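Colleague: Could you take a close look at the domain layout for me, and at what sits around it? I'd like it as one connected walk-through, with the cut-offs spelled out as you go.

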Amino acid sequence: MSNVVVDEAPGAARESRGAGRRRPKMSKRRRKEALFFWLFISPWLIGFVGFLLGPMIASVYISLTEWDSFTPPEWVGLDNYAKALTEDPIFWKALWNTFFYSAISVPLGLIIGVWLANLLNKRIRGRKLFRTFIYLPTLVPLVATAMVFKMVLAPSGPLNDMLGWFGIDGPEWLLSTTWIKPALVILSVWGAGGATVLLLSAMNGIPRELYEAAEIDGASPWRQFWSVTFPQITPVIFFNLIMGLIGAFQIFSQVYILAPGGNVGGPDNASQMVVTLLFQEAFSFYHFGYASAVAWLLFVVILLLTLIAFRTAGKWVFYETEVK
Amino acid sequence: MAAVTPTTTPAHTAPNGRKKKDPGDHAQKRLSAFKASPATYAVLLVVSAIFFVPFVLMISISLASDLTSSQNAFTVIPSEFEWRNFTDVFTATGLPVGRFITNSVVIATLSAVGQVVSSSLVGYAFARLRAPGKNFMFILVLATMMIPAQITMIPQFLLFKELGWVNTYLPLIIPNFFTNAFNVFLVRQFVSRISGDLDEAAQMDGLGYFGVYRKIILPMMWPILTAIAIFTLTHAWGDFMGPLIYLNAENQMPLALGLQYMTSTSNAMQLPPWNLIMVGSIMLTLPMIVIYYLGQKYLYEMNLQGGSAGVK
């Protein structure tokens, strides 16, 4: 049953299925069916044209102009792109910060996820309870999470109090240019439960015979993890890596909320991210042209990273043609 | 796209794998890979505790008195029980917190209705109806998943501004009535798994395409539609950026934005009323946990098909 969905490559196998089910007798009937098809998908089609394709084309145009939306747009060619890449130091800083945040938070979240999933996959009592505790944070709306962390990370907040018990003089987390990014990473790692649960269900699906065989060959648990468990879960890791990277590059709400005193970029732009910069340029300064250019640059960066990830996937992601 | 297909495989086998596990536990006892040591428990306990600390803090601060709050002198374990914070939050902040909640409910509910209606129509068509150009359209649907929201954010804002929708709920609700690629994909996958015999028979009996959708397919779609409703509900409930862009008036704000407003209205010298903000955070969080708990099995259905959970 389950294989039906899995094997079905989007768009390919379905046609033959449909054809086998009802062979068209009259072209008139087929025309009617086609008409209904377009009618049924019209909500998506209208949305696609009105909220996606149209705005995308508009976005390209706007990015080539200077426009505050009150006076007519002024054509400036590629100036906005040139400005971002050569003149605006904050753009590079934001890009670097976003790289830094993504490069640490995504792999760290995955490592913790794999580690926890592997522990939960053992023969333990209270698995359900542990799983719930680890998954619960992912259900908390980001705004609520950010509120708690903002309070926890206050200079005289609970975390520094706790560090104080051990004689550690805690940093001023959100006010410090060094510590605000690690603070954002900690916040993201709190949500590692999402990946954990997915990885756990992937581990559950690994055939037991593989472990039995490894056992007979005398492989240690450590060796079994790297030779059996890990290769089998690489597709899930890969999927989470891609989705995680795309999500991390679009980080916004946490940064906006955690930044002290309405200063969106954090102290000295230390937590300025690409999307917060874009937001500020567009909705605080009404630089719609420049902000649109930044949006396209972000798209290009995300696209490049995704392509690189897919390129390297062949080396480490293990696809079994038939997983039972 | 390639990533979507393979990941569904292990997730799919999971329920079987787990069911099989319990009776087969004896056979597994010998396998060293599954042997839990005291260290396993120690790590899980510590990690669970660390993951839970923010919740405890949220609760203990929500029960702290104003004095404790103004001095930032919280304890991790609750030492005070100011239950009146839970009623004070509606009156003492000077903000229409009651309205925040109603606004959130209205926006989230209508968004969910929009996604359910539109994605079921579109998904059905992609699963069942045949038309020239369908494959191309479906590839287009999948391709749109790759476009980051930031690209369309600015032109959409300018469009909605032109339409006079700024400072209304419309920009947050209406786009949901035009569905999104991921939900279309989910419904299509779900309907593809339903046998076509029934709608064929219904068609013989003279039911039209809309009749088949309405009378045959729609009643069978509810697990996936529940999942989509929950997903949309939680997303709209927690959305921060949308309301931040489109809503300026206090009495229009949803809770997620209102909370942020609560922290920023106090002047720089004064600490935000953390105890009341934590009450608000609990109000923002609790419905999501309840909804998740009630809808767990449908969400599981959705995770099976999307291959992703908790990826935000």
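**Domains and their surroundings**

Modeller: Chain B is divided into domain 1 (37-83) and domain 2 (97-306), with bounds that come from an automatic or database domain assignment. Bear in mind that this is a predicted model, where local features need pLDDT of at least 70 and side-chain atom pairs count only at pLDDT 80 or more, while totals for chains, interfaces and linings use all residues. On numbering, residues run from 1 along each chain as its sequence is written, and chains are lettered from A, with ligands numbered from 1, in the order in which they are written.

Back to chain B. Taken over C-alpha atoms, the centres of its domain 1 and domain 2 are separated by 33 Å. Where they meet, 8 residues of domain 1 of chain B are in contact with 8 residues of domain 2 of chain B; contact here has two C-beta atoms, placed from the backbone, within 7 Å. On the domain 1 side, helix H3 (38-62) and helix H4 (66-71) of chain B each supply at least two residues. Helices are DSSP runs of H or I with at least four residues, strands are runs of E with at least two, and both are numbered from the N terminus. By class, that side of domain 1 of chain B has 3 nonpolar, 4 polar and 1 charged residues. For those classes, Ala, Val, Leu, Ile, Met, Phe, Trp, Tyr, Cys and Pro are nonpolar, Asp, Glu, Lys and Arg are charged, and the others, Gly among them, are polar.

What does A:Ser292 touch, leaving aside its neighbours within four places in sequence? It is in contact with A:Ser59, A:Ile62, A:Ser63 and B:Ile154. The C-alpha atoms of A:Ser292 and A:Tyr61 are separated by 8.9 Å, although these residues are 231 apart along the chain. A:Ser292 has 28 other C-beta atoms within 10 Å, so it is buried. The rule is that 20 or more other C-beta atoms within 10 Å of a residue's own make it buried, 12 or fewer make it exposed, and in between it is partly exposed, with C-beta atoms placed from the backbone.

On that rule, helix H8 (residues 142-152) of chain A has 11 of its 11 residues buried, so it is largely enclosed by the rest of the structure. Among the buried residues of H8(A) is A:Lys150. Over whole chains, 42% of the 324 residues in chain A are buried, and in chain B it is 45% of 312.

Then there's helix packing in chain A. Helix H6 (residues 89-120) and helix H13 (residues 221-249), both of chain A, pack at an angle of about 145° with axes 10 Å apart; the axes are lines fitted to C-alpha atoms over the stretch in contact, and angles run from 0 to 180 degrees between N-to-C directions. Residues in H6(A), including A:Ser105 and A:Gly109, meet a set in H13(A) that includes A:Ile237 and A:Gly244. That contact of H6(A) with H13(A) has 10 nonpolar, 8 polar and no charged residues.

Overall, chain A comes to 16 helices and 2 strands, whereas chain B has 16 helices and 0 strands. Between the chains, the contact takes 100 residues from chain B and 104 from chain A. The chain B side of it divides into 62 nonpolar, 31 polar and 7 charged residues.
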